[in-house]
Amino acid sequence: MAKVSMARWFALGLALALGAPTAQAQQPPIKIGELNSYAKWAAFTVPYRNGWQLAQDEINAKGGVLGRKLEIISREDGSTTGDTTRVAEELVTREGVSLLFGSFLSNVGVAMADFANQKKIVYIAAEPLTDAVTMAQGNRYTFRIRPNNFMQVGMLVEQAKASGAKRWAIVAPNYEYGQSAAQVFKRLIQERVPGAEIVAEQYPALGKIEAGPTVSAIEQAKPDGIFNVLFGPDLTQFVREGNTRGLFEKKSILSLLTGEPEWLLPLKDEVPEGWTVTGYPWDQITEPKHKAFIDAYRAKFNDTPRLGSLLGYMVVTMIRDTIERAGSAETDAFIKAMQDAKFDTVIGPVTMRGSDHQASMGAWVGKLALKGATGGMADWTYKDGTPFMHSEAEVKAVRKD
Amino acid sequence: MDLSFLIIQSLSGLASASSLFITACGLTLVFGVTRIVNFAHGSLYMIGAYTAATLLPRLLELSYGPVSFWTGILITALIVGAIGVLIEVLLLRRIYGAPELFQLLATFGVVLVVQDLVVQVFGPQDILGPRAPGLRAPVEILGRRFPSYELALIAAGPIVLGFVWLLLRKTRFGILVRAATQDRDMVASLGVNQALLFTGTLFLGAFLAGLGGALQTPRVSANTGMDLSIIAECFVVTVVGGMGSVPGAFLAALIIGQLQAFGILIFPKSTLVVVFLLMAFVLAVRPYGFFGRPEIVGGTHAVGIVSRTPRASGTVAALIVLALLACLPLVSDAYLLKVATEILIFALFAFSLQLLIGVGGLVSFGHAAFFGLGAYGAALGVKWLDAPMEAALPLGILFAAAGAALIGAFVVRLSGIYLAMMTLAAAQILYAVAFQWVDVTGGDNGIVGVWPSTWASPRNAYYILTLILCATAVFILKRAIDAPFGYALRAARDSEPRAEAIGLNVRRHRWLAFMLSGAAAGLAGGIYAFSRGSVDPSLLGISTSVDALAMLLLGGIQTIAGPLVGAGVLHTLRDQIMPLTGLWRLFLGVSIIAMVLLFPRGLVGTIRHWREERA
């Protein structure tokens, strides 16, 4: 045994000595696999792709990572769990990528987390927000950068406390993301706002809301606050009906993600003013580092950034930092370097918690306001994610590893 | 619950019913005349919404007022009507001679193409259209505000119904449409220009779809999910009302609108399933919907496998293919093996459908029910009983067979398109159960951690296992097709009265066929679950059913090897095209359309036809 390893060391030394000058120029790139729903959820995923492409270009222009170029191989994931895991397998076995990131839908994210665990390859969830990815279905190989449902709802519930509303109605799309957000809200509002009760719940099928009946059913329960998880076309329909029928008057409305440009822009001038939302007020960011990212993005793509753009950019720069610290993109080293790591990102310091692999990235919380022909956010603050995360005890109780 | 609330709620229901009726009415007319199950109807509706959302703001800029708004709606409907004509002339007209259902595959190709084209033409972002001028403000009804545009919509439904009624009753075109709905062959024999009639009908159908889409503009932003979200409901409306019956569609839409408006008060999560429960209930009571009539005796679905003397060369070829497949692990990498495993699974899935459609003449649009039951049966076994793979797979088969026995018992009373829709309803109800029953099924996250036993977990071991199981199942099904049982099924397919006259119990044979086919599909589902380690409700979804149907039709409905080849071709295509481009749906759709045009009897069927013609 000793002989063999001696010989290996010798060979390695020889290779380094002889090969170093040429290897410098011809080092193979570090390959990273990316997969997302570019066909079905183009409105969200295309700006996100722009974001990671920007990061990739910047990194490679500065000489790459560890002297090697960063090569991101991107694939369409077909938006279903079956297609996604097949495509992921292709990236791993055919392209030989070192790690994976991406995905949009929550259920696809859960399937990817399981895939990562089975194949022992790192997966960084991009958009899936369900707590399951880092909690019940979480595992050693799965990480998430964005604040999960529990954190974002927690930020909104804090606002609910301030509003004084006690009778709450919930409207959420009937699938994993909506259901889990509604559940978290029910739990947190009862824990944190004494005397609060849920008086109505509506769960329209995703993309198939019957807005009129839904609005009047909520109205009938006479709530003084509404918690909304709808997004996309369902939200537009709900807002139009609600505005016409006066549902939102004199009520506190909390709404998840509605302040993000990807969901706000399609609403045009029908933005429901005064809603308390989580979102991304990119137009009012003054911090130099963040501003530089926004300017670079606008210059390169001739478009305004969405939250997805920021996310794509952040995920890739954090991957770069981790690989640099780990000294390689090898799975175990990467996981070790990622756990409890502190990152200096464009939005400020972010920590990747070791116990549940959830980053402390926060969200911008503020009120919706109409600015000219489109909506934006006002009175916003950036809330760091750390105080809103699941408690360590809870993580330990739920996670199986 | 006070009266004013109930009235408002039912008015909302009426508004939804109106817009649903306008769209569905086009579908039912097209089906009545051409017998085409037009999957692309939802796509036309979506094009209507996008066109209106883009066109209306420009018109309103020119001159703001109700006139330009409603003109814009009309122009949009005309544009979409023209697109319908284009689809008919360029595509459907060329394949009227093909077996029934084959047009369905073509329209499925159109759906895929339109999904990507819409993003290319109109951009990825949802487009919010303008509100209707003059109808922006709400009206006060019993102290509650109600959008005035919804009132306009409520009126639009009966107006369209009136126009269509006049058109059908008072014009020559209408008379021909009604005649063709009753007996297409007779109309043709009387020397009516069918091409023109069909083009006209497609125009009318597409016009109505476009109108339905355009009328949604003030309520909904145009988005890329509209096509699929409307099409299932449209099918329900046409079937519940009776295929081809316009007043039936109106009544059905009214009922569905009210059910949804009040259903959400009692079961807030019911929207997924309520329409399909209604369909299942109506078909169980009235097998032809409200106003539908039985299909003509000797029905038109009698296309399928025919008798031919078995040739020794066929057996030899099958053995050679099997041997080659068994050698695949020697030369291929892990990923190719995964794709090959999936192809084998889908081949069995499509083949099990062939027993129903090709042999029994029982068109199932909900075959995913059995595939999904098999997968869930296996996964539930693993999750709740800690069963190893060896026990979970048979459990899945049992699940699927039991489900098929239950569903089959309801379904065999029906025929033709009604039967197809009943299976679809059953699959959708199961889908909703898997989706809602979170505690047991894990909701739409599904169940993860369904991995095979250690000995079978290496890729090549699992591939060989899949090959053995699928080949055995296909062999057994093939024996059943060649046995008296298969002949009895075919007799019933070709002529039900004659089959009954010689003493065959048609319903029992069909029921058994459902169970056999369901068990085979369940086996495929179980193997699939273990191959990817998880199950989720999409396995029970419409797209899975359409997959099986597309594979079968692509390969050839009249041949034994057809579904096997079709599964191979379609899955390979998808696997090859998807990584290449973001426009994969466009390319896949175009490939399907190209194959439909080049191989109007399916791949295997057409090649055999060429060979026979030469001989």
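Let's start in chain A of this predicted model, where strand β10 (residues 276-279) pairs with strand β13 (residues 363-371) in the antiparallel sense over four bridges. Along this pairing, A:Val277 stands opposite A:Gly366 in β13(A).

Now look at the partner of β13(A) on β14(A), residues 374-383: these strands are also joined in the antiparallel sense, over eight bridges. One pair to find here is A:Trp364 opposite A:Tyr382 in β14(A). The two strands form a hairpin with two residues between them, and A:Gly372 in the turn has a positive phi of about 70°.

Step back and these strands take their places in an open sheet of seven, ordered β7-β6-β8-β9-β10-β13-β14 in chain A, with mixed pairing. The edges are held by β7 (197-202) and β14 of chain A; each has a single partner strand, so one side of each is left without a neighbour in the sheet. From one strand to the next, the twist averages 30°.

For the parallel part of the story, turn to β6(A), residues 167-171, and β8(A), residues 225-228, which four bridges join. Here A:Trp168 stands opposite A:Gly225 in β8(A).

Helix α2 (residues 41-62) and helix α3 (residues 66-90) of chain B have axes that come within 8 Å and cross at roughly 145°, and the crossing is right-handed. On the α2(B) side the contact includes B:Leu44, B:Ile47, B:Gly48 and B:Leu55, while α3(B) contributes residues including B:Phe69, B:Gly72, B:Ile79 and B:Ile83. By class, this contact has 15 nonpolar, seven polar and no charged residues.

Key. Residues are numbered from 1 along each chain as its sequence is written. Chains are lettered from A and ligands numbered from 1 in the order in which they are written. This is a predicted model: local features need pLDDT of at least 70, side-chain atom pairs count only at pLDDT 80 or more; totals for chains, interfaces and linings use all residues. Axes are lines fitted to C-alpha atoms, for helices over the stretch in contact, and angles run from 0 to 180 degrees between N-to-C directions. A crossing is left-handed if the near helix is turned anticlockwise from the far one by less than a right angle, and right-handed if clockwise. Two residues are in contact if their C-beta atoms, placed from the backbone, lie within 7 Å. Ala, Val, Leu, Ile, Met, Phe, Trp, Tyr, Cys and Pro count as nonpolar, Asp, Glu, Lys and Arg as charged, and the others, Gly among them, as polar. Two strands pair if DSSP finds at least two bridges between them.
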